[in-house]
Amino acid sequence: MRKSGILLAVSSLPSKYGIGTLGKSAYDFIDFLKKSGQYYWQILPINPTSFGNSPYQSFSAFAFNPYFIDLEELIKDGLLTESDCDEYDWGSDSRRVDYSALYENRPRVLKKAVSRFHAENNDEYRRFCHDNSFWLEDYAFFMALKEKFGMRPLTEFPLSVRVRDAQTLNELRAENQNRIEFHKITQFLFYRQWINLKKYANYNGVHIIGDIPIYVSADSADVWAHPELFCVSCDRIPQEVAGCPPDDFSPDGQLWGNPVYDWNIHKKDGYGWWIRRLRQAAELFDTVRIDHFRGFYSFYCIKAGAENARNGEWKNADGESFISAVRAALPELSVIAEDLGFITDDIRRRMASSGFPGMKILQFAFTAGSENEHLPHNYSKNSVVYTGTHDNDTTTGWQMTAPRSDIEFAMDYFDVNFTWRLTDAFIKSALSSVCDTAIIPMQDYLKQGKLSRMNIPSTLGDNWIYRIEYGDIDDNLVNKIYRQTKLYSRL
């Protein structure tokens, strides 16, 4: 079955309160997807964000972003009033997320909601805590401690806390019980809204592609609670960190800073932590895109403290053993394997043996000649084609910044005479390709330029702030997308 969908982060939805949420605009977006004939809504990770606001650097691999809790839904639930929400500043630009305003004010309004939530009489809440106890307690305690220590990173916690001295933790847990309960309740409020939203999507024939990063942050509950799974010292200091080697675009490589996994320990444990993570993802999403999938087979290690990624080394992992364990535990799991970046022929063959579809990116297609794997005539059915991803410029922005030779190649390839026609050509090429699935970023359907780019990798600043407005989607856009989707047999 040929399918198509649209890529848009939850944070990018319109709302009154500073960031996209799981409320009415999310339901409206699902209605739009249904009307325009789309099968998929692809989102970015829904974990809580840390420094830099990146969804790929989170305080937990399992927890949810409390910014996405819809305040208007909490008003309906009787946990907030409109005046509770309206007394705070949520930013002045409806097209940009103001993370500083959220950081200051979202916890304040959520604390009001939590103060009115009767946890002791809520069977659904107690069941949520029981079912998620393998991560929820550690996460809530970790976040309570971060607040107590002025949001400093884990590496700057007192040593007795870092190494989880039992007496110290017992005392801190007693002192911070209200903070711990706050984080557990906000996680429940998110979960309840998310499950209702997913049910609505599935009822209307829309399937959600979730996204999970392969690595976790060094400043996370996961590293604090399970240091044995990572290459960290007993006091939670990373010894080796992840990244990418130098290339033509990045002469120093990319230094991500995430601690790498101790894959030997994971294998001895039957990959239990990963299976729990993917089992949760299978409940939350219909398909899971796993970022940097090659890291299950071979991963780039850099000594902690290095200034750049030039002197790292590749280390092997038993990806085949990992995939076998996952398939045995979760036979119905639907996965998209992000296979971009530096991929050797050996790694490509090993990844292909998983059977999971990889990714093709049209913006990567117009270098290295006609053999480029991202050119449509080289595609295979078991692939997912994108015009671009969250890490690319918009296609309209790409036309302004790509090398002239790439632009000329693209114009020749698609037989167009004007660069302003390239965005439409990219979309039509993706939809008409042999790939089973085609995903188009919302910015490309809206013909938006570089100011609407979601992220520039390895930079801090104006990333992850893009939002659409209520008037961006109209009947003309719905009808146009529907016609193209029908034309290329993707309804």
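**Strand 1 and its surroundings**

User: What does strand 1 pair with, and in which sense?
Analyst: Strand 1 pairs with strand 12 (residues 437–441) in the parallel sense, over five bridges. Pairing here means that DSSP finds at least two bridges between two strands. This is a predicted model: local features need pLDDT of at least 70 and side-chain atom pairs count only at pLDDT 80 or more, while totals for chains, interfaces and linings use all residues. Residues are numbered from 1 along each chain as its sequence is written, and side-chain values use heavy atoms, leaving out hydrogens and water.

User: OK, which residue is the bridge partner of Gly5 in strand 12?
Analyst: That's Ile439. Ser4 stands opposite Ala438 in strand 12. With strand 2 (residues 40–42), strand 1 pairs in the parallel sense over three bridges, and there Gly5 stands opposite Tyr40. Strands (E, at least two residues) and helices (H or I, at least four) are DSSP runs numbered from the N terminus.

User: What's the strand order in the sheet?
Analyst: The order is 9-6-3-2-1-12-11-10, an open sheet of eight strands with parallel pairing. Strand 9 (335–337) and strand 10 (358–361) are the edge strands, each pairing on one side only.

User: Is strand 1 largely enclosed or open?
Analyst: Largely enclosed by the rest of the structure, because five of its five residues (3–7) are buried. Buried means under 20% relative accessible area, exposed means over 50%, and partly exposed is in between, using a 1.4 Å probe and protein chains only. Lys3, Gly5 and Leu7 point one way, with Ser4 and Ile6 pointing the other.

User: Switching to helices: at what angle do helix 1 and helix 9 cross?
Analyst: Roughly 15°, with the axes of helix 1 (residues 24–35) and helix 9 (residues 177–203) coming within 10 Å. That makes the two roughly parallel. Angles under 35 degrees count as roughly parallel, over 145 as roughly antiparallel, 65 to 115 as roughly perpendicular and the rest as oblique. Axes are lines fitted to C-alpha atoms, for helices over the stretch in contact, and angles run from 0 to 180 degrees between N-to-C directions.

User: Which residues meet there?
Analyst: From helix 1, Ala26, Tyr27, Ile30 and Asp31; from helix 9, Gln193, Asn196, Leu197, Tyr200 and Ala201.

User: And Pro153, where is that?
Analyst: Pro153 is in the loop between helix 6 (133–148) and helix 7 (159–162). It counts as partly exposed, at 29% relative accessibility. Beyond its neighbours within four places in sequence, Pro153 is in contact with Lys146 and Asp219, where contact means heavy atoms within 4.5 Å.
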